[in-house]
Every structure is written in C-alpha cells, then in structure tokens.
Amino acid sequence: MAILISIFCFLINFSILIAVGESFPATPLLPSILSDRFEQGENSEATLRRLLSTGVLEVQLEADVVVPLEVISDVHIKALVIDDENLEIPFEVELNKKPESSGIYRLHFSKTALDIDNDGVIDTEIFASKNIDSKRIKDNYVKITGKNISKEGTHKKRVYITVEVND
C-alpha cells in the first residue's frame with residue numbers, strides 16, 4: 001500500500017513539474033547520491049567510472065549586454081490635401097536609447113515612395129535624416145504632391161521603420 005501511495009505522489013509531483021516546466025526555464029539538478037557511471041570508450045567498450053564526490057561550484061560572471069537601437073514610437077500622419085496643394089509634414093521618431101556615436105546608424109523605411117490612392121502615380125515621399133545622433137530624430141518629413149492624387153477620399157498606407165547600420 002505504501003508503494004502505491006509513493007508512486008501516486010511521484011506521478012502528481014511529476015505532472016506539476018511538467019506544467020511548471022513549460023512556463024519557467026529548467027533548472028539543472030545535482031545528483032543527490034553518488035552513483036557509478038558507464039561511459040562508452042574507444043572501440044565501443046563500456047568502462048565504469050566511479051564518482052568520488054559531488055559539489056557545487058559558484059562562479060562570478062560578468063557580461064556585456066548590447067541592446068540594439070529600436071524605434072519605440074508610432075508615427076501617425078493625417079493631412080488634408082486640397083486640389084493641387086503640396087504639403088511637407090514634419091514628424092519625429094523616438095529610439096529606445098541614444099546611439100553610441102553619430103554617423104553609424106540611419107533610419108530605414110519599408111517604402112519611401114508611396115502611391116496613396118493606388119492610381120499608379122507616386123504622390124507621397126518620405127525623407128529622413130541620413131545619420132542618427134540622438135534619441136529623438138526630428139529632421140524627417142513627408143512630402144505630398146496634390147496634383148498626383150487623382151482619387152478623392154481617405155487613403156491609408158502603413159510603412160515600417162527600422163534602424164540600420166550605414167554602409
């Protein structure tokens with residue numbers, strides 16, 4: 001009877017460990033009892049290795065962690081274009097940190113020439129500063145050429161911004 005209870009408790013503990021193991025990283029376990037180990041030697045010969053002792057080794061570790069530059073702000077641009085009006089709309093982009101030095105990084109847009117109304121004519125362009133030297137980048141603007149927009153209505157486009165290393 002005691003064997004059945006211990007097996008039942010083992011199964012419950014094992015299922016709890018499986019459920020917890022999915023959400024947390026596994027922690028390596030140390031052997032609690034010394035035991036003999038078999039190793040596969042040369043020529044497929046099994047050799048017995050006797051463990052004399054086990055222990056815990058604590059080591060101080062220092063690591064340099066480099067966090068890449070990332071765009072952390074969303075930019076929403078709303079404009080009303082009347083007839084053949086040309087607009088230049090400035091916008092800012094915020095990064096997660098200030099770059100280590102200027103001239104290394106630049107903004108990369110998934111598209112810089114856009115056809116807002118899908119008529120085949122480029123009517124919107126995105127201009128950005130060539131170099132990033134601060135956490136907030138203010139030298140960006142969108143240029144909308146009203147004479148190239150042929151369809152009335154509300155038009156939406158999505159452009160993705162990433163940070164790249166200058167060539």
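Predicted model: local features only at pLDDT ≥ 70, side-chain atom pairs only at ≥ 80, totals over all residues.
**Exercise 1. Find the residues that Thr124 is in contact with, leaving aside its neighbours within four places in sequence.**

Step 1: Residues are numbered from 1 along each chain as its sequence is written, and side-chain values use heavy atoms, with hydrogens and water left out.

Step 2: Thr124 is in strand β6 (residues 124-127); strands (E, at least two residues) are DSSP runs, numbered from the N terminus.

Step 3: Look at its side chain, which makes a polar contact with the side chain of Asp123 at 3.1 Å. A polar contact is a pair of N or O atoms within 3.5 Å; within protein, one must be able to donate a hydrogen and the other to accept it, and residues adjacent in sequence count only if both atoms are side-chain atoms.

**Exercise 2. Is Thr124 buried or exposed?**

Solution. Step 1: Recall the classes: buried means under 20% relative accessible area, exposed over 50%, and partly exposed in between (1.4 Å probe, protein chains only).

Step 1: Thr124 has 2% relative accessibility, so Thr124 counts as buried.

**Exercise 3. How many salt bridges does a search of the whole structure find, and which residues does Arg136 pair with?**

Solution. Step 1: The search finds four salt bridges. A salt bridge is a side-chain nitrogen of Lys or Arg within 4 Å of a carboxyl oxygen of Asp or Glu. Side chains of opposite charge can pair when their charged atoms come close.

Step 1: Arg136 forms one with Glu92, where the closest N and O atoms are 2.8 Å apart. Arg136 lies in strand β7 (residues 136-145) and Glu92 in strand β3 (residues 86-94), so this pair ties together parts that are 44 residues apart in sequence.

Step 2: Arg136 also forms a salt bridge with Glu94, with the closest N and O atoms 3.6 Å apart. This pair links strand β7 to strand β3 across 42 residues.

Step 3: Check accessibility. Arg136 is partly exposed at 42%, Glu92 is partly exposed at 38%, and Glu94 is partly exposed at 23%.

**Exercise 4. Where in the chain are the partners of the salt bridge between Glu164 and Arg106?**

Solution. Step 1: The side chains of Glu164 and Arg106 meet at 3.3 Å, N to O.

Step 1: Glu164 is in strand β8 (residues 161-165) and Arg106 in strand β4 (residues 105-109), 58 residues apart.

Step 2: Glu164 is partly exposed at 27% relative accessibility, and Arg106 is partly exposed at 24%.

**Exercise 5. Which residues of the largest nonpolar core touch the most other members?**

Solution. Step 1: A nonpolar core is a set of buried Ala, Val, Leu, Ile, Met, Phe, Trp, Tyr and Cys residues joined through side-chain atoms within 4.5 Å.

Step 1: The largest core has 16 residues, and Phe91, Leu95, Leu107, Ile126, Ile132 and Val163 touch the most other members.

Step 2: The elements giving two or more residues to this core are β3, β4 and β7. The largest share, four residues, comes from β3.

Note on methods. Contact = heavy atoms within 4.5 Å.
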